[in-house]
Amino acid sequence: MRLEPWGPADHALLEALLGDPEMMEHLGGPEAPDAIATRQARYVAQGEPGEGRQFKIVDDATGAGWVGYWERAWHGRQVYEIGWSVLPAFQGRGLAGAAAAEAIAAARAERRHRFVHAFPAVGNPPSNAICAKAGFTLVEACDVEYPPGHWMRCNDWRLDLLAPATRREPRSDEGAGVRGPDRG
C-alpha cells in the first residue's frame with residue numbers, strides 16, 4: 001500500500017467511492033455527479049500547505065480508495081478532520097488503517113494543529129475500529145451535519161498530534177475493514 005497525491009485521472013475512483021449507495025450508506029446516500037465533480041476539482045487543487053491533503057490509496061498499482069485530512073472548526077478551535085474510503089474489492093486487507101496512519105503522520109509533520117478528529121457514524125463499526133486502532137480517543141457521540149441538510153449520529157474520535165504516535169489492536173467487538181467514506 002502506498003499513498004499518492006490525488007490527481008486529475010482519479011475522477012472515476014472518486015465516482016466509485018461516492019456514487020455507490022452501498023459505499024455511502026453511513027453518509028446520507030450517494031453524491032450527485034455534479035457534487036463529485038466539484039469535489040474532484042477541490043481534491044486536485046489541494047490548496048495551500050497546511051490546509052490538508054487528499055490522497056489516493058494504491059494497492060498493487062491500482063487505485064483502491066481515498067484518505068485525506070482537512071481543516072475545520074470544531075468546538076471553537078481549528079483542527080484537522082480525517083476521513084477514508086476503500087472500495088469493496090480491497091476491504092478487509094488493512095488498507096484503510098495503514099492509509100489513515102500515513103495521513104496522520106503527514107498531518108503531524110505539518111505541526112499546524114494539535115488535534116485531528118474523525119467522525120464515523122455510530123453505526124459504522126469498521127471505521128470506528130480504525131480510529132481505535134490508530135490511537136484515537138473516543139470523546140463522545142455527537143450530531144454532525146453531512147451532507148448539508150442531513151444530520152447523522154457520529155462518534156467524535158480525537159488524536160493529539162503532539163503526542164507520540166501509538167497504535168493498538170482493536171477489541172474483537174470493534175470490527176475490521178472499512179465501509180463507506182467519512183467526509184472530505
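This is a predicted model: local features need pLDDT of at least 70, side-chain atom pairs count only at pLDDT 80 or more; totals for chains, interfaces and linings use all residues.
I started with helix H1, residues 11-18, and found Leu 13, Leu 14, Leu 17 and Leu 18 buried. I reminded myself of the general rule: an α-helix has 3.6 residues a turn, so residues three or four places apart point the same way.

Next I looked up what covers the buried residues of H1. The cover includes helix H2 (33-45), and strands S2 (52-59), S3 (62-74) and S4 (77-86) are also part of it.

Then I turned to charges. How many salt bridges does a search of the whole structure find? I got nine. The general idea is plain enough: side chains of opposite charge can pair when their charged atoms come close.

I went to Asp 59 and Arg 93, whose side chains meet in a salt bridge at 2.8 Å, N to O. The pair links distant parts of the chain, with Asp 59 in strand S2 and Arg 93 in the loop between S4 and helix H3 (95-110), 34 residues apart. Is Asp 59 buried or exposed? I have it as buried, because its relative accessibility is 11% and the cut-off for buried is under 20%. I also listed what Asp 59 touches, leaving out residues up to four places away in sequence: Met 1, Ala 64, Phe 90, Arg 93 and Leu 95.

I checked Glu 71 and Arg 112 after that, and their closest N and O atoms are 2.5 Å apart in a salt bridge. This pair, too, links distant parts of the chain: Glu 71 is in strand S3, while Arg 112 is in the loop between H3 and strand S5 (115-118), 41 residues apart. Glu 71 is partly exposed, with a relative accessible area of 24%. Arg 112 is partly exposed as well, at 44%.

My next stop was Arg 72, which forms a salt bridge with Glu 81, the closest N and O atoms being 2.9 Å apart. Which end of this pair is buried? I found that Glu 81 counts as buried, at 2% relative accessibility, whereas Arg 72 is partly exposed, with a relative accessible area of 22%.

Last entry: I traced a network of salt bridges that links Arg 2, Glu 4, Asp 10 and Lys 56.

Notes:
Residues are numbered from 1 along each chain as its sequence is written. Side-chain values use heavy atoms; hydrogens and water are left out. Buried means under 20% relative accessible area, exposed over 50%, partly exposed in between (1.4 Å probe, protein chains only). Helices (H or I, at least four residues) and strands (E, at least two) are DSSP runs, numbered from the N terminus. Contact means heavy atoms within 4.5 Å. A salt bridge is a side-chain nitrogen of Lys or Arg within 4 Å of a carboxyl oxygen of Asp or Glu.
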